[in-house]
Amino acid sequence: MTRDRRVFVDDRTGHRIVPETIRRADSLSGTRYGNRPTMKDVAARAGVGLKTVSRVVNGEPGVTPETERRVQDAIEALGFRRNDSARVLRKGRTASIGLVLEDLADPFYGPLSRAVEEVARAHGALLINGSSAEDPDREQELALALCARRVDGLVIIPAGDDHRYLEPELRAGVATVFVDRPAGRIDADCVLSDNYGGALGGVAHLIAHGHRRIGFIGDMPRIHTAAERLRGYRAAMEDAGIPVADAWTSLGATDPERVRRAAEEMLSAPDPVTAIFAGNNRVTVTVIRVLAEHTRPVALVGFDDIELADLLRPGITVVAQDAAAIGSTAADRLFRQLDGTLVAPERIEVPTRLITRGSGELPPAD
């Protein structure tokens with residue numbers, strides 16, 4: 001290490017390291033550290049009354065252009081920001097909503113979260129989000145923590161199946177909409193994909209291309225979406241008069257090891273499947289890897305689209321959800337609750353779309 005009076009240099013990285021006491025002293029010079037400028041400060045700098053500043057800040061009439069310019073110059077010079085928390089609390093709302101996701105890393109939730117945020121922004125509200133990591137206890141903890149911070153409403157992708165813990169918050173006027181899965185043991189708005197219809201259509205597509213031995217690999221059976229997609233799979237097989245062997249269905253955790261094991265068992269059985277319907281995007285990715293190591297062509301349809309699905313050879317046929325439409329519909333329901341224009345809770349199902357790219361159109365190899 002080399003040193004001068006103020007700066008250390010790390011010999012390995014070359015990074016300059018300034019002691020915290022020096023940085024803090026530098027940042028304090030000429031400033032009031034930790035104190036935000038107030039409207040009184042703006043008024044004093046602009047040479048006007050406090051009420052005049054309030055009118056300018058809140059966009060109210062009664063201020064001459066020259067006076068408004070002086071106030072705006074003072075605001076910019078001081079870095080003043082309006083105290084929205086105090087303003088909205090006077091109106092009985094915090095102008096914020098909470099979004100409880102299942103997994104922030106799941107690509108499905110990116111466009112959904114963005115759509116909720118855009119609707120919130122259009123209503124002048126801030127979005128605060130967090131992830132339950134598929135843990136019901138964590139979901140409850142996060143939802144109640146958001147309520148404790150006085151959010152006006154909640155959009156929840158539920159991890160649990162008992163939401164009675166929200167009943168006091170609902171009675172207190174917290175608007176709530178459930179997304180992707182319905183609420184458990186309470187009546188509440190929910191916005192879902194047509195999981196049953198999408199799976200039925202995807203499996204029927206495989207049947208139409210000649211497949212009779214079709215495997216289904218899905219998520220945990222307690223999860224609403226997994227159960228509905230399995231139900232759609234079974235309905236499509238029943239409609240075609242095809243009995244389903246026990247070995248053709250596998251539900252459980254979507255970690256790659258479990259999914260890989262399930263796929264390999266279906267493909268190596270004495271009477272192997274000729275096609276696989278993957279119950280969600282994480283399952284689809286693992287199945288693609290397994291099929292890449294498999295010599296016999298196997299058809300594949302996945303539920304949820306995945307990135308680069310169109311660039312693979314063959315491209316991956318999917319049942320695509322409209323995550324953005326789900327998010328915007330849910331957020332719109334939430335703000336309509338807050339506006340008092342909704343009465344009874346409703347269940348809304350957003351249609352899915354089959355996108356054919358090649359993998360779901362492969363004929364049986366035998």
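Reader: In S13, which residue is the bridge partner of Gly302?

Author: Val318 of S13 is the bridge partner of Gly302. This is a predicted model, where local features need pLDDT of at least 70, side-chain atom pairs count only at pLDDT 80 or more, and totals for chains, interfaces and linings use all residues. Residues are numbered from 1 along each chain as its sequence is written, and side-chain values use heavy atoms, with hydrogens and water left out.

Reader: How many bridges join strand S12 to strand S13?

Author: First the general idea. Strands of a sheet pair through backbone hydrogen bonds, either parallel or antiparallel. Two strands pair if DSSP finds at least two bridges between them. Strands (E, at least two residues) and helices (H or I, at least four) are DSSP runs, numbered from the N terminus. Here, 3 bridges join S12 (residues 299-303) to S13 (residues 317-320), and the two run parallel.

Reader: In what order do the 6 strands of the open sheet come?

Author: The order is S10-S9-S11-S12-S13-S15, with mixed pairing. S10 (249-251) and S15 (353-355) are the edge strands; each has a single partner strand, so one side of each lacks a neighbour in the sheet. From one strand to the next, the twist averages 15°.

Reader: Which strands does helix H11 touch?

Author: Contact means heavy atoms within 4.5 Å. H11 (residues 256-268) packs on the sheet and touches S9 (214-218), S10 and S11 (275-278). Angles run from 0 to 180 degrees between N-to-C directions, and axes are lines fitted to C-alpha atoms, for helices over the stretch in contact. The direction of H11 makes about 170° with that of S9. Helix H12 (residues 281-292) lies across S9, S11 and S12, at about 160° to S12.

Reader: At what angle do helices H9 and H10 pack?

Author: H9 (residues 195-208) and H10 (residues 224-239) pack at about 40°, with their axes 7 Å apart. That makes H9 oblique to H10. Angles under 35 degrees count as roughly parallel, over 145 as roughly antiparallel, 65 to 115 as roughly perpendicular and the rest as oblique. Residues making the contact include Tyr196 and Leu200 of H9, and Tyr233 and Met237 of H10.

Reader: Is Phe80 buried or exposed?

Author: Buried means under 20% relative accessible area, exposed over 50%, partly exposed in between (1.4 Å probe, protein chains only). Phe80 is buried, at 7%. Phe80 sits in the loop between helix H4 (65-78) and helix H5 (84-90). Not counting residues up to four places away in sequence, Phe80 touches Pro37, Thr38, Met39, Val42, Val57 and Ile75. Phe80 and Met39 are 41 residues apart along the chain, and their C-alpha atoms are separated by 7.7 Å.
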